[in-house]
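Work through the exercises below with the sequence and the model open. Try each task before reading its solution.

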Amino acid sequence: MFLINCPYCGERDQSEFSAGGEAHILRPKQPTELSDDQWAEYLFMRKNIKGVQFERWNHAHGCRKWFNMIRDTSNDKIHAVYKMGEKPPLK
Amino acid sequence: MLNFNTPIIDTKEYSEIKISEIEPILKINLRGKSRDFVTKIGKELSIITPVDPNTSSSNEKFNLLWLSPDEWFLYSNDKIDIKDANVLENKLFNEISKVKLGSVTNVSDHWIMINLKGIKIFELLSAGCPFNFNNFKKSKGAVTQTLINHIDVIIHNKNVNDLNLFVRRSFSAHLWSWMNDSARFI
Ligand SMILES: [Zn+2]
């Protein structure tokens, strides 16, 4: 269990949130021009690293807004939280 | 809304805790993003639209709660004739939805209002809720959406030790049972 600082509501318990997978994956502009492999790469392949990861989260039981989070998956340390559309504050 | 039925119709008292279902209450969900929308609802209801997170504003008739940067929840102070809810819904619909400023949804049937009074109500809620009520209980008008015993709720700090809690109708009987069960141990 850990706390997440929702960019809209403030600090809340993790149980109010749901994880939405890897962040900053762009939908290809012309899906019809992609091979099945390229499309599968976009649709299914996720990094799932042990360490610092860029993720999307949703404050499902609060404001219901999506946002981005930089989290260390090995110890749940949250490095940054930022709104959708914003540039990651860390590299 | 021809036959308005409520699921609980009850009031229970424990030591320093009183819980009662208050219905029918008018409830309208308002969604919109533009500045025009925010000023429009303020004007229509003679109320200041709260734009700060977790806050609300009230007048003698209504309370307007902040739910999200583009979502608000309006509810009446007093019990209403459910026909009046339809009148207000239509008025807001014509002024807001029809001109594409935002959306207006009558959720009077969707949410059930439970009032909690007494000095031990926060202890009761905390028995099944991860939310930190320390600052919340000190600020009149504060609003939060959270989980109680895994059930989604909206809580409005109406006054000192006086809360209005909103729960979805289908979960309300379950939450009511849980509250009554938990109150016995507080
Ligand atoms: Zn939030």
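**Exercise 1: the interface**

The contact takes 16 residues from chain B and 11 residues from chain A, where contact means heavy atoms within 4.5 Å. The model is predicted: local features need pLDDT of at least 70, side-chain atom pairs count only at pLDDT 80 or more, and totals for chains, interfaces and linings use all residues. Residues are numbered from 1 along each chain as its sequence is written, and side-chain values use heavy atoms, with hydrogens and water left out.

**Exercise 2: salt bridges**

Task: find how many salt bridges cross the interface of chain B and chain A.

Step 1. Look for a side-chain nitrogen of Lys or Arg within 4 Å of a carboxyl oxygen of Asp or Glu.

Step 2. The rule finds 2 salt bridges. One of them joins the side chains of E71(B) and R64(A), at 2.7 Å from N to O.

**Exercise 3: the zinc ion**

Task: name the residues that coordinate the zinc ion.

Step 1. Donors are N, O and S atoms within 2.8 Å of the metal (3.2 Å for Na, K and Ca); water is not among the atoms, so sites may look incomplete.

Step 2. C6(A), C9(A) and C63(A) each coordinate through SG, and H59(A) through ND1, at 2.0 to 2.4 Å.

Note on methods:
Chains lettered and ligands numbered in written order.
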